[in-house]
Amino acid sequence: MTRVESELILPAKQPLNGYYNPVVVDIEEDTKQNEKPFEEVFNTAKTAFSCGKSKPINFRKQQLKALEKFLEECEDEICDAVYKDLRKHRQEVFMGEIDLVKHDLRHTLFELSEWAKPVAPERSLLNLLDGVYIYHDPYGVVLILSAWNYPFMLLLGPLIGAIAGGNCAILKPSELAPESAKVIAKFLPRYLDKDCYQVVLGGIETTTEILKYKFDYIFFTGSTNVGKIIHQAAAKHLTPTTLELGGKSPVYLDESVDILTATRRIIWGKTMNAGQTCISPDYLLCSKEVEDKFLTAARTILDEFYGDDVKVSPHLSKILLDRHYNRLINFIKSSNVVIGGTGDPRTRIIAPTVLTDVKPDDPVMQEEIFGPILPIITVNSPLEAINFINKRDKPLALYVFTNRKDVKELFLNNTSSGALTINDTIMHICTENLPFGGVGCSGMGAYHGKFGFDTFTHKKSVLMRSLGKVAELTQFARYPPYSKSKSEFLSTATKKRRGISFSWLKTAFIFGLGMTFAYGLHYFCSDDDD
Ligand code: NAD
């Protein structure tokens, strides 16, 4: 297991059209060029944290700025690597991997000083003489494990929260996007503090070994099944964990919307990164009438997006691996294809495909699709759609296209999902101040902005009391010998009362001071001789 800093095979420039045949890189083989045993990596991070290196706010800000510099200066390397791994168009790389991360970074940089301040919650009568605070403590050394589909965003996004929280971090990119992993391992350490933030490359074997160590926090992005393995490994050390998982994210579409706009937004979400997006719309629920209109609109939109021959369009990503490609082609083979349905095993490009007459027990409905295939299930009402959704695992995202207030309310009040977006897909991930995460089988915990900071900090309760005589006098009732009167006093004093807040005391005091001053001014400056 290593921190790989071997020479990067510089990626070739993207062809504008046609295909790129990637060099297959064996990350496990790479990692044999062992530079540092993992124990050393881990101990370096542990020592850096215990020396307090990662804690000062200025250090955190400086590291966040360095991360931004990495994204700016290594733009070409990032775009080329993601192109090699996924044939992702440069604009998609900018939108999903660079700009989104930079936005979160800058937001965090602007707000960090405020977020990091201890919070003083409202005090009760019992604590009037005390200091009551919530401190945001870093956890320590955190492990960030990520998926391959957005290889930079999924690793650097959590890293922002980890740095902002004052932690040290060990990053393990996915071995399935090897070119991206190599760019991260080669370039990132040139920008960030080498003791506090380290990159480790490797596959399942490596991750299994790493997970034996006692981290202070684990942040995992990947499939629900592997999420369970990670959670079990973390439980051995009682390590707190955030799991950003996947699943099937449904779309409901009704007749009240502009069908062309709605279809454009659904198709965009489905075909972005060839559907290999955790919050990609997985399947569509609508009535038969809406289905007909959707199919007509979808043909127009797909032509608009990718032209006559989708296989030569530079705007569509490829499917990552042969086994993923074969899995998707098998879904298509066993279904009723009304749009697309073709694929090229050589380039692993699959034309955006729509399936109709899909039954709930069809293979395509048994697992997350993670490809450019959209099955349509017909339903007769929004309630039927809600029942269909609620019978399955809680989705990471739920999309509802409607202009009807009652339908919006129905979905808002009767479904549970990581996020619910009305009249769009994907865009909640770019919305500042919204937490990003799942619920149930789609994950636990959330991040982005303040939520990332909160995820990577322990909220430590701090009570500061006085040992003075007056303070001690107020405490007499809690000490033995116990008595009925002491007990009654305590019950009365600690009883929670609605509406009693002492926050007005400060305002009242300032008001009183102002009144006294005004009165004094009036009294001494008055010319009245009477
Ligand atoms: P994955 O679960 O196969 O792999 C994720 C990470 O886990 C990788 O780093 C991999 O090395 C490691 N891993 C894989 N198998 C392991 C094992 N047996 N033991 C220990 N570690 C192991 O996921 P993936 O294929 O990389 O990504 C696709 C999945 O991730 C989809 O389900 C998708 O929905 C989900 N995803 C979720 C989000 C989110 O933010 N919620 C984002 C992207 C992807």
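Select phenylalanine 476 first: its relative accessibility is 41%, so it counts as partly exposed (buried is under 20% relative accessible area, exposed over 50%, partly exposed in between, with a 1.4 Å probe and protein chains only). This is a predicted model, in which local features need pLDDT of at least 70, side-chain atom pairs count only at pLDDT 80 or more, and totals for chains, interfaces and linings use all residues. Residues are numbered from 1 along each chain as its sequence is written, and side-chain values use heavy atoms, with hydrogens and water left out.

Next, count the ring pairs: the structure holds 18 aromatic pairs (rings of Phe, Tyr and Trp, the last by its six-membered ring, pair if their centres lie within 6.5 Å; planes under 30 degrees apart are stacked, over 60 edge-to-face, the rest tilted). Select phenylalanine 70 and tyrosine 191, an edge-to-face pair with 5.7 Å between centres and 70° between planes. Both phenylalanine 70 and tyrosine 191 are buried.

Return to phenylalanine 476 and phenylalanine 489, which form a tilted pair, 5.2 Å centre to centre with 45° between the planes.

For a group of rings, select Tyr139, Tyr217, Phe219, Phe436, Tyr447 and Phe456, which form one aromatic cluster.

Finish with arginine 392, whose charged end sits over the ring of phenylalanine 388, 3.7 Å from the ring centre (a charge sits over a ring if NZ of Lys or CZ of Arg is within 6 Å of the ring centre and within 35 degrees of the ring normal).
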